[in-house]
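Please keep the sequence and the 3D view open while reading.

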Amino acid sequence: MIKNKNIVDIRKIFDLLYDSFQAQGWWPIYDLKTGQSLYRKNFFGLLDEDEMLEISLGAILTQNTSWKNAEKAIGELKKNKFIDYKKILSSDEQDIALLIKSSGYYNQKAKKIKNFSLWIKKNGGKLSELKKKDPYHLREELLLINGVGKETADSILLYSFYLPFFVVDSYTKRVYQRVTGDHNDYEYDELREIFENSIEKNFKIYNEFHALLVKTAKDFCLKNLPVCVKCPLEKICRRYYE
């Protein structure tokens with residue numbers, strides 16, 4: 001287990017970001033009427049099977065691309081009634097690939113979507129029932145699916161299954177390193193454990209925290225030219241005072 005010396009800083013990061021930005025409403029659900037994603041702030045109600053599948057597919061489609069591109073792909077799947085694991089399995093990969101072209105690597109992602117759908121079928125066909133499994137066993141099962149890595153698996157577990165696994169991505173790592181001054185080259189699970197050991201194990205907090213880190217990295221903590229002066233984390237950011 002990785003011991004975190006920045007436990008106060010990490011909790012402070014969440015508090016400052018939430019005070020500044022409030023709830024982000026992740027994971028959004030694509031609305032066919034408006035043609036846009038619907039961000040349901042402070043919604044943690046029961047998800048139906050279609051919503052769970054849409055979120056899970058979104059976690060795959062957003063790999064190595066922007067959310068904007070993944071969103072277009074989800075919209076196309078939804079318009080063509082492909083938020084249905086049975087239809088995905090009965091359809092040709094090329095047909096799926098054409099629908100998700102905007103997400104990039106569409107041929108590979110079509111295979112991944114097929115693999116994920118096959119996993120659903122082999123496990124009884126209901127994602128809501130899979131949630132009843134031991135969370136860590138469920139995570140291991142997801143990681144055995146060809147095309148599902150740790151970030152994708154944790155996104156599915158957190159946003160679709162409401163299970164407390166913190167999602168680590170490049171945005172998480174960037175903000176963490178700059179604010180805390182901890183530049184150790186952690187493995188994925190090591191950094192995930194640091195976050196999970198620093199704040200209470202609550203899927204709602206993990207949900208909001210990850211979404212807030214993404215917003216901060218996109219709007220302020222930019223990769224090359226960070227906008228530190230207006231960032232809510234300015235006062236505690238070690239990089240800013242270096």
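## The largest cavity

By class, nine nonpolar, one polar and three charged residues make up the lining of the largest cavity. In this classification Ala, Val, Leu, Ile, Met, Phe, Trp, Tyr, Cys and Pro count as nonpolar, Asp, Glu, Lys and Arg as charged, and the others, Gly among them, as polar. The volume of the largest cavity is about 100 Å³. It has 13 lining residues, and those closest to its centre are Cys221, Pro226, Cys228, Cys231 and Cys237.

The search runs on a 1 Å grid over the protein atoms alone: a cavity is a set of points where a 1.4 Å probe fits but cannot get out, a pocket is an open set with protein on both sides within 12 Å along at least five of seven lines, and lining residues have an atom within 4 Å of a point. Grid points are joined across faces, edges and corners, and a volume is the space filled by probe spheres set on the points. The model is predicted: local features need pLDDT of at least 70, side-chain atom pairs count only at pLDDT 80 or more, and totals for chains, interfaces and linings use all residues. Residues are numbered from 1 along each chain as its sequence is written, and side-chain values use heavy atoms, with hydrogens and water left out.

## Cysteines without disulfides

How many disulfides does a search of the whole structure find? The count is zero, where a disulfide is a pair of cysteine sulfur atoms within 2.5 Å. For cysteine 221, the closest cysteine sulfur is in cysteine 237, and the two sulfurs are 6.5 Å apart, so they are too far for a bond. For cysteine 237, the closest cysteine sulfur is in cysteine 228, at 5.8 Å, which is also too far for a bond.

Cysteine 221 has a relative accessible area of 9% and is buried. Cysteine 237 is buried as well, at 10% relative accessibility. Buried means under 20% relative accessible area, exposed over 50%, and partly exposed in between (1.4 Å probe, protein chains only).

In total, the structure holds three cavities of 30 Å³ or more.

Tryptophan 27 is placed in the loop between α1 (7-21) and β1 (29-31). Helices (H or I, at least four residues) and strands (E, at least two) are DSSP runs, numbered from the N terminus.

The largest pocket has a volume of about 510 Å³. Its lining has 23 residues, and Thr62, Thr65, Glu151, Asp169 and Tyr171 lie nearest its centre. At least two lining residues come from each of α9 (150-160), α10 (170-180) and α12 (203-219). Helix α9 gives the largest share, five residues. The lining has nine nonpolar, 10 polar and four charged residues.

Domain bounds come from an automatic or database domain assignment. The C-alpha centres of domain 1 and domain 2 are 25 Å apart. In contact (heavy atoms within 4.5 Å) are 13 residues of domain 1 and nine residues of domain 2.

## Single residues

Glutamine 22 is not a glycine, yet it has a positive phi of about 65 degrees. Glutamine 22 is in the loop between α1 and β1, and is partly exposed, with a relative accessible area of 39%. Asparagine 64 is not a glycine either, and its phi is positive at about 55 degrees. Asparagine 64 is in the loop between α2 (49-61) and α3 (67-79), where it is exposed at 68% relative accessible area.

Glycine 58 is in helix α2 and is buried, with a relative accessible area of 0%. Leaving aside neighbours within four places in sequence, glycine 58 is in contact with Trp27 and Ile74.
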